[in-house]
Number of protein chains: 2
Amino acid sequence: MLDFLNQRRTIRKYSNEPIPNQLMTELLQAAAQSSNTGNMQAYSVVVTSNVDIKNQLAPAHFNQPMVKAAPAVLTFCADFNRFSQWCQLRNASPGYDNFQSFMASAIDALIFAQTFAVAAESQGLGICYLGTTTYNAGEIIDALQLPKLVVPVTTITVGYPDETPKLTDRLPLEAVVHYEMYHDYSPKDIDNLYAEKENSDFYKNFVAENNKETLAQVFTDVRYSRKNNEFFSDRFINVLQQQGFM
Amino acid sequence: MLDFLNQRRTIRKYSNEPIPNQLMTELLQAAAQSSNTGNMQAYSVVVTSNVDIKNQLAPAHFNQPMVKAAPAVLTFCADFNRFSQWCQLRNASPGYDNFQSFMASAIDALIFAQTFAVAAESQGLGICYLGTTTYNAGEIIDALQLPKLVVPVTTITVGYPDETPKLTDRLPLEAVVHYEMYHDYSPKDIDNLYAEKENSDFYKNFVAENNKETLAQVFTDVRYSRKNNEFFSDRFINVLQQQGFM
């Protein structure tokens, strides 16, 4: 199992082979047994295979080709709608239209999503997470007709792999693990932790292709800029307000 | 693998057997290979075994006994501190002190956490998630000395199981899965989806023990009340501001 987790790769190209309905059901069932807050299961997933609806979702994901090409697009949502409706029908007054409830349900949705991802990969499928989900949540809400107290937090495209990409590099484990309490980094620590990445031919080419001086500049100036992060922050906060979570 | 995921149970009682350091490293390494945003790995985990520090963490988790009793307490954090420091040392101007960056790093932390959970369970360990992490994030920040741009989003206690609890019930899969787009629930749908849960002896006793009329009231009046949710919403938003994410 650990070997399998260590060898996984994100898959962005899928064959035409469809995912059997029975398999999809089994994967979702296995994922639903993972942990959740107070067994409220305050999440939902929308499984989209219909071409027209995938076409509506695509612009929200900046037309990344996986959305139209994957046999299934799974949109995982923080969802206090179902639970709140149940409360109202049972003479109970739900109080889940607030930020703490959003956090709890977003956590539930992400634990469910990642268990689904591991389950799918264990059965020979390939997956790709789409971080664009929180950028353009409003457009996804429109495309999938998500009601109040439902907010998409991540998306996974799924299909049988039609590529075998290289294993993606990771920072040394010391970069992300702290023992007992947090130990902040010295400049020398940072140099050591990023040395292998910065010295690799792959990233040297990546910096050159982007016409930047350092790899960090590719992130700050091109991929995840302050301007974009602030723009999408405002948009996502507006979505939380519109959906009743703030 | 699917059978294994379907049979998992949350474990709250642990034997005295310690977790070998080598195994902990292998589990964290396997978890680090899971997906993350732009390969920034904007997360960190604090692995706490020291009795004094676990004692400091315990009140933040409302003294749930797992915190002191588990051989290891893992606090998973949204973390743009390390990445931002790297940017500053590389002539790049980081722009990650905003809500969108918090969401991206919280998603990374949760995907990492759940892969760790599955990996740990696959090696015979038992885990329990602590939802109290976002309630009392400020106290956890103090206990673990988390710097700016680091916010705890979930905690997992880990150890070898000293109990074999029953499998926890879940709603029928139709409750959480929507095909193509979201289909909102009719009152009849809600009745059907919650019937098995509401008719079980376990939950009937649970309602009686709590002196409530309905199961939903146990949630709204006792376990997750509006008053508490709103109180903890304000606290968590303050923590996001204090740590520089809002």
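This is a predicted model: local features need pLDDT of at least 70, side-chain atom pairs count only at pLDDT 80 or more; totals for chains, interfaces and linings use all residues.
Asn91(B) lies in the loop between H5 and H6 of chain B. Residues are numbered from 1 along each chain as its sequence is written, and chains are lettered from A and ligands numbered from 1 in the order in which they are written.

Most residues other than glycine have a negative phi. Asn91(B) is not a glycine, yet its phi is positive, about 60 degrees. Asn211(B), also not a glycine, has a positive phi of about 55 degrees. Asn211(B) sits in the loop between helix H9 (201-209) and helix H10 (215-223) of chain B.

A residue is called buried if 20 or more other C-beta atoms lie within 10 Å of its own, exposed if 12 or fewer, and partly exposed in between, with C-beta atoms placed from the backbone. Asn91(B) has 12 C-beta neighbours inside 10 Å and therefore counts as exposed. Asn211(B) has 10 such neighbours inside 10 Å, so Asn211(B) counts as exposed.

| Residue | Phi |
|---|---|
| Asn91(B) | about 60 degrees |
| Asn211(B) | about 55 degrees |

**Chain A as a whole**

Chain A contains 11 helices and 5 strands. The C-alpha trace of chain A spans about 60 × 45 × 35 Å along its principal axes. Of the 246 residues in chain A, 49% are buried. Two residues are in contact if their C-beta atoms, placed from the backbone, lie within 7 Å. Among the contacts in chain A with a separation of 6 or more, 78% are between residues 24 or more positions apart.

**Helices of chain A**

Helix H2 (residues 21-32) and helix H6 (residues 99-122) of chain A pack with their axes 8 Å apart, at an angle of about 135 degrees. Axes are lines fitted to C-alpha atoms, for helices over the stretch in contact, and angles run from 0 to 180 degrees between N-to-C directions. H2(A) is therefore oblique to H6(A); angles under 35 degrees count as roughly parallel, over 145 as roughly antiparallel, 65 to 115 as roughly perpendicular and the rest as oblique. On the H2(A) side the contact is made by Leu27(A), Leu28(A), Ala30(A), Ala31(A) and Ala32(A), and on the H6(A) side by Phe112(A), Thr115(A), Phe116(A), Ala119(A) and Ala120(A). By class, this contact has 9 nonpolar, 1 polar and no charged residues. In these classes, Ala, Val, Leu, Ile, Met, Phe, Trp, Tyr, Cys and Pro are nonpolar, Asp, Glu, Lys and Arg are charged, and the others, Gly among them, are polar.

In helix H10 (residues 215-223) of chain A, the residues Leu215(A), Ala216(A), Val218(A), Phe219(A) and Thr220(A) are buried. The buried residues of H10(A) pack against helix H8 (187-199) and helix H9 (201-209) of chain A, together with helix H5 (81-89) of chain B.

Strands of a sheet pair through backbone hydrogen bonds, either parallel or antiparallel. Two strands are taken as paired if DSSP finds at least two bridges between them. One open sheet of 5 strands has the order S3(A)-S4(A)-S2(A)-S1(A)-S5(B), with mixed pairing. Its edge strands are strand S3 (126-130) of chain A and S5 of chain B, each pairing on one side only. From one strand to the next, the twist averages 25 degrees.

Strand S1 (residues 43-48) of chain A and strand S5 (residues 177-179) of chain B run parallel and are joined by 3 bridges. Val45(A) has Val177(B) in S5(B) as its bridge partner. S3(A) pairs with strand S4 (residues 150-159) of chain A in the antiparallel sense over 5 bridges. In S4(A), Gly159(A) stands opposite Gly126(A), and Thr157(A) stands opposite Cys128(A).

Because 5 of the 5 residues of S3(A) are buried, this strand is largely enclosed by the rest of the structure. Gly126(A), Cys128(A) and Leu130(A) point one way from S3(A), and Ile127(A) and Tyr129(A) the other way.

Another open sheet has 5 strands in the order S5(A)-S1(B)-S2(B)-S4(B)-S3(B), with mixed pairing.

**Contact between the chains**

In total, 97 residues of chain B are in contact with 97 residues of chain A. Helix H6 (residues 99-122) of chain B gives the most to the side of chain B that touches chain A, with 13 residues. That side divides into 50 nonpolar, 36 polar and 11 charged residues.

Methods:
Helices (H or I, at least four residues) and strands (E, at least two) are DSSP runs, numbered from the N terminus.
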